[in-house]
Amino acid sequence: MTHESLGGESLLEVRGLAGGYDVVQVLWGIDLNVREGEIVAIVGSNGVGKSTFLRMLSGVLPHQAGTITLGGESIEGMAPEGVVAKGISHVPEGRRLFAAMSVEENLLMGAYARKMADQELAADLERVYGFFPRLAERKSQLAGSMSGGEQQMCAIARGLMARPRLLLIDELSLGLAPRLVEELCGFVRQINEEGVAIILVEQDVLTAFELASRAYVFETGRVTISGTSDELLANPQVKKAYLGM
Amino acid sequence: MVYAQILINSILLGGIYACIAVGFSLVWGVMNILNIMHGTFLMLGGYVTFWMFKLYGVDPFLSLPVSAVTMFCAGYVVQRGLINKIVRAPMFMSLILTFGLQLLVVRLAIYFFTGDFRSVQPSYAGFSIPLMGLSIPFVRVSIFVLGVVLTSILFWFMGHTRTGRAIRATRMDLDSAQLMGVDIGRIYAITYGIGAAAAATSGSLVSVGFAISPVSDVEFLSKSFIICTIGGLGNITGALAGGLILGLAENFGALYLGPGLQNAIGYVLLILVLFIKPSGLLGRKGFE
C-alpha cells in the first residue's frame with residue numbers, strides 16, 4: 001500500500017454524477033471522493049462507464065446531473081482548459097500522443113494551460129525528465145516512433161507538465177508487457193509520493209489494488225462496491241467476478 | 001536560352017502560387033474545412049493594396065501589413081461567429097456556408113469596386129534586371145522573395161511558438177489537444193485568421209504583378225485547390241512543392257501546347273495525382 005493518507009483532506013468530491021452520449025445514458029449517479037495525496041482505483045469490465053467518468057471530470061464531456069468539486073470549489077460546467085488550470089490532468093486511454101511531434105513538444109503541450117516564463121518551463125521539463133530519464137534520451141524523437149511503454153511514459157509525463165493536483169490515468173497497463181507495467185507502477189508511486197493524487201482506471205484489477213489505497217467497482221454506470229483495496233481483495237464478489245477465484 | 005527564361009518565369013510564378021495556397025492548406029488541414037472564402041480574402045487583400053495605392057499613393061509593398069492585419073481580424077470574426085457553429089457538422093455544411101459568404105462578399109465587391117480589372121502600377125513596374133542575357137522582372141522577383149519570406153515566417157511560427165504548437169496539436173488529435181487545455185474555438189479562429197491573412201498578403205502581391213477583379217477569387221481558389229492536392233494537404237512544404245510544380249507545368253505546357261491550354265494543365269495534373277497518390281506528393285496519410 002502506498003502513501004497512507006486516509007485521514008487527508010478531501011480533494012475531489014463527486015456526488016450523483018449522471019449523463020452520457022446523446023440519448024445513451026452511461027452513468028447513473030456516481031458518488032466518489034479522493035483525498036489529497038491518495039491513489040484511488042476504478043475497476044470494472046469494458047463499457048461500464050469508467051472512461052466516460054474521467055471524461056466528465058476533465059470537462060470534455062458535459063454531464064446531466066450531479067456535482068463535482070475540487071478542493072471545495074465547484075468545477076461544474078467548466079471547459080477542459082479551465083479544469084486543467086484548476087489542477088486536474090487527464091492521461092487518456094491509448095496514450096493519444098501527438099504522434100508527429102517530438103517528445104519534448106508533447107511535454108510542452110502538456111504545459112499549455114499554464115502560461116509561464118521560459119525558465120520555469122525549463123525547470124519543469126528537467127523535473128519530468130528526472131522522473132523519466134528514458135524520455136530525456138529521446139526528447140527529439142517523434143513520439144509516434146517510440147515503443148508502447150515509452151509512449152505511456154510520455155503520456156504520463158505530458159500529464160505531469162500541467163502540474164496537476166489530481167492526475168487521471170486511463171488504462172495504465174493496456175497492451176503492455178508485465179515487466180513494463182511493473183516499471184510504470186513504480187513511476188506512478190513516485191509521482192504520488194510527490195503529493196499528486198491519482199485516479200487510476202484499470203482493467204487489470206490486481207495492478208490496480210496493488211497501487212491504490214482504495215477502489216471503486218463500476219457496474220453498468222453505478223458504483224456497486226467500494227472500500228480499501230484490502231477489503232475489496234477479500235470481498236467474495238470481487239474475487240469471483242474480477243480475480244477468477 | 002528560351003528554356004532558361006521559362007524556367008525562371010516558372011519558379012517565380014511557382015513561388016507566388018505556393019504563397020497563394022499555403023493558407024488554404026492550413027485551414028483545410030487543421031479544421032477539415034473546404035474554405036471557399038479563401039479566394040475572396042485574397043481578392044480583398046488585393047483591393048486593400050490597390051485602394052491604398054490609388055487613393056493615398058502608398059507603395060504596394062508597404063500596404064502588405066495592413067492587408068494582412070485587416071483580413072486576419074475579418075477571418076477571426078467569421079470563424080468565431082459563424083463557421084465555429086457548424087464546424088462539427090459534415091464538411092458539406094462548411095462548404096455551403098463559406099460558398100454563401102463568398103457570393104455575398106463578391107457581389108458587394110462588384111457593387112462597390114465595379115467589375116473592372118485593376119492592377120497596381122508603381123513607377124518601378126516595368127523594371128527588369130538583365131542577367132546573363134536573361135531578363136528578370138523586378139516586381140515578380142520582389143513578389144517571389146516576399147512570398148518566400150512570409151511563408152518561412154509562417155513555417156517558423158507553426159514550429160516554434162506556443163500557439164503554432166497548439167494548432168498542430170489540434171490537427172493531429174483534437175480530443176487530446178482539448179485535454180491539454182487548448183481552447184479549440186479560439187485556436188480555430190486564429191487558424192482561420194492566419195489563413196485569411198496569408199490569402200490577403202498573396203492577394204496584395206498578386207495585385208502588383210498581375211491584375212485582380214472581384215470575380216478573380218474563383219480563379220485563385222481553384223489554383224489553391226489544385227496546388228494543395230498536388231503537393232499534399234496540411235503541410236507548408238506540400239504547398240511549396242505543389243506551387244512550383246504547377247508553375248513549371250503551366251509555363252512549359254504553354255510553350256508546347258499553346259497558351260490556350262495553360263489553365264487546363266493544372267486540372268490534368270490534379271486528376272493524375274488523384275489517380276496515382278491521392279494524399280498528394282508530399283502528403284501524409286490521414287490528411288487526404
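Colleague: How many helices and strands does chain B have, and what makes a run count as one?

Modeller: Chain B has 11 helices and two strands. Helices are DSSP runs of H or I with at least four residues, strands are runs of E with at least two, and both are numbered from the N terminus. Read from the N terminus, the order in chain B is α-α-α-α-β-β-α-α-α-α-α-α-α. The model is predicted: local features need pLDDT of at least 70, side-chain atom pairs count only at pLDDT 80 or more, and totals for chains, interfaces and linings use all residues. Residues are numbered from 1 along each chain as its sequence is written, while chains are lettered from A and ligands numbered from 1 in the order in which they are written.

Colleague: What makes the radius of gyration of chain B agree with a compact globule?

Modeller: The radius is taken over C-alpha atoms, and the globule rule is 2.2 Å times the number of residues to the power 0.38. For 288 residues a compact globule would be near 19 Å, and chain B has 19 Å, so the two agree. The C-alpha trace of chain B spans about 60 × 45 × 35 Å along its principal axes.

Colleague: Why is chain A called as compact as a globular protein of its length?

Modeller: Chain A has 10 helices and 10 strands. Its radius of gyration is 17 Å, close to the 18 Å from the globule rule for 245 residues, so the description holds. The C-alpha atoms of chain A fill a box of roughly 50 × 40 × 40 Å along the principal axes.

Colleague: Why is E7(A) described as largely enclosed?

Modeller: Five of the five residues of E7(A) are buried, so the rest of the structure largely encloses the strand. A:Leu166, A:Leu168 and A:Asp170 point one way from E7(A), A:Leu167 and A:Ile169 point the other way, and all are buried. In a regular strand the side chains alternate between the two faces of the sheet.

Colleague: How do you know that E7(A) is paired with E8(A)?

Modeller: Two strands pair if DSSP finds at least two bridges between them. Strand E7 (residues 166-170) and strand E8 (residues 197-202) of chain A have five bridges and run in the parallel sense, so by that definition they pair. One of the partners is A:Ile199 in E8(A), which bridges to A:Leu168. A:Leu167 stands opposite A:Ile198 in E8(A). E6(A) and E7(A) also run parallel, joined by four bridges, and A:Ser89 stands opposite A:Leu167 in E7(A).

Colleague: What is the strand order of the open sheet in chain A, and what makes a strand an edge strand?

Modeller: The six strands have the order E6-E7-E8-E3-E9-E10, with mixed pairing. Strand E6 (88-91) and strand E10 (222-228) of chain A are the edge strands: each pairs on one side only.

Colleague: Which residues touch the most other members of the largest nonpolar core, and what makes it a core?

Modeller: A nonpolar core is a set of buried Ala, Val, Leu, Ile, Met, Phe, Trp, Tyr and Cys residues joined through C-beta atoms within 7 Å. Of the 157 residues in the largest one, A:Ala41, A:Ala157, A:Leu200, A:Ala215, B:Met71 and B:Ala200 touch the most other members. Helix H1 (residues 2-31) of chain B gives the most to this core, with 15 residues.

Colleague: How many residues does each chain bring to the contact between chains, and what makes two residues count as in contact?

Modeller: Two residues are in contact if their C-beta atoms, placed from the backbone, lie within 7 Å. The contact takes 19 residues from chain A and 15 residues from chain B. Helix H2 (80-86) and helix H3 (103-110) of chain A each supply at least two residues of the side that touches chain B.

Definitions and conventions
Buried ≥ 20, exposed ≤ 12 C-beta atoms within 10 Å, placed from the backbone.
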